[in-house]
Amino acid sequence: MTTDTATDVFEAHRPVLLGVAYRMLGRLADAEDVVQEAWLRWSGADRSTVREPRGYLVRVTTRLAVDRLRHIKSRREAYVGPWLPEPYVTDFGDTVPDSAERAVLADSVSLAVLVVLESLSPLERAVFVLREAFGYPYAEIAAMLERGEPAVRRLAVRARGHVEEHRPRYDVDPVRRRDLTERFLAAAAGGDLAALMELLAPDVRLVGDSGGKSKAPLRVLESSDKVARFLQGAARKGVPDFSHRFLEINGGPALLALSGGRPDSVFQIEVADGLIQSVYIIRNPDKLLALADLA
């Protein structure tokens, strides 16, 4: 296999590798570092012995991500305020024509699911990602992780049970979420407390991620009254030279708020029974760097 061919093969699989690494790590910079390391391993390997490049590359990427996740756990524990994954622009386009497969991929990368995955062990997370998001057979996952298949099945059962128990139930209809996102923006931007209260579920939660580097609640806000009043207060302070764009973030519609044309924050909501159940606000500037080109 020539160098050019090796590069072409790797680049053809890069989106899958980045998808695995991001779901494992929740941060694009970490995921890209892992993919780059996978490239170095691939470029230096004896590729004549590789029968199936995709499987080889996913195996290498997964192992690297497991190792990195073990090292960054302590960094997460020292994080200031609530932690949310870095916003990940998802546009499956024509690459995922099957609606059922698209729904699975969108769910596996949603903010709600990624937050729950944080509480899994690195191996449990790897098994969950490979099995639930990418559909790998247990035997292949076992080979990738150098574990016995029965052990992998036990890891899968524990991980799936934990995720099912802790992740909220949401309506994934993108049209409904987009409609409520637009109404939410209008009510929040106008500081309209009554309109906000009509949109929010009584037990709504607002999770703000600033990393201590910008203004956002350092604790999760719960109840429609607290969330609405916080948003009303934020509207009064305003964002200098405000503008916005709608994007597909982590498998669902989201609002990118701009200040002077630069990313200021990402807002995303989760909806059930026609009401907003969760509001996610990402304001850590380090997590918005990748969105600068989309402003």
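**Labels and the values behind them**

Modeller: Asn 250 is buried, its relative accessible area being 2%. Keep in mind that this is a predicted model.

Biologist: Why is Asn 250 called buried?

Modeller: Buried means under 20% relative accessible area. Asn 250 has 2%, so the label applies.

Biologist: Where is Asn 250, and what is its phi?

Modeller: Asn 250 sits in the loop between S3 and S4. These two strands form a hairpin with two residues between them, and Asn 250 in the turn has a positive phi of about 50°. Asn 250 is not a glycine.

Biologist: How do you know that S3 and S4 pair?

Modeller: Two strands pair if DSSP finds at least two bridges between them. S3 and S4 are joined by eight bridges and run antiparallel. One of the bridges links Phe 242 to Ser 259 in S4.

Biologist: And Asp 241, is it buried or exposed?

Modeller: Exposed means over 50% relative accessible area. Asp 241 has 59% relative accessibility, so it counts as exposed. Asp 241 lies in the loop between H11 and S3, and its phi is near 50°, a positive value in a residue other than glycine.

Biologist: What makes S2 and S3 edge strands?

Modeller: The open sheet has six strands in the order S2-S1-S6-S5-S4-S3, with mixed pairing. Strand S2 (221-222) and strand S3 (242-249) each have a single partner strand, so one side of each has no neighbour in the sheet.

Biologist: How many bridges join S1 to S2?

Modeller: Two bridges join strand S1 (residues 200-209) to S2, and the strands run antiparallel. The requirement is at least two bridges, so two bridges are enough to count S1 and S2 as paired. Arg 205 has Glu 222 as its bridge partner in S2.

Biologist: What joins S1 to S6?

Modeller: Six bridges, with S1 and S6 running parallel. Here the bridge partner of Arg 205 is Ser 278 in S6.

Biologist: Why is S1 described as mostly covered?

Modeller: Seven of the ten residues of S1 are buried. As for helices, H11 (residues 224-237) lies across S1, S2 and S6, at about 50° to S1. Helix H9 (residues 174-189) lies across S3, S4, S5 and S6, and runs at about 125° to S5.

Biologist: Is Arg 283 buried or exposed?

Modeller: Arg 283 has 19% relative accessibility, so it counts as buried; the cut-off is under 20%. Arg 283 lies in the segment after strand S6 (275-282).

Biologist: What does the side chain of Arg 283 reach?

Modeller: It reaches the backbone oxygen of Lys 215 at 2.7 Å. A polar contact needs a pair of N or O atoms within 3.5 Å, and the distance here is 2.7 Å. Leaving out residues up to four places away in sequence, Arg 283 also touches others, including Asp 209, Ser 210, Asp 264 and Leu 288.

Biologist: What span is expected for H3, and where is its kink?

Modeller: Helix H3 (residues 53-77) has 25 residues and reaches 36 Å from its first C-alpha to its last, close to the 36 Å expected at 1.5 Å a residue. The kink in H3 is about 35° and is centred on His 71.

Methods. Residues numbered from 1 in each chain as written. Predicted model: local features only at pLDDT ≥ 70, side-chain atom pairs only at ≥ 80, totals over all residues. Heavy atoms only, no water. Helix = DSSP H or I, 4+ residues; strand = E, 2+ residues; numbered from the N terminus. Buried < 20%, exposed > 50% of the residue type's maximum accessible area, 1.4 Å probe, protein only. Polar contact = N/O pair within 3.5 Å; in protein donor to acceptor, adjacent residues only side chain to side chain. Contact = heavy atoms within 4.5 Å. Expected span 1.5 Å × (residues − 1). Bend = angle between axes of the 7 residues up to and from the residue. Axes fitted to C-alpha atoms, helices over the stretch in contact; angles between N-to-C directions.
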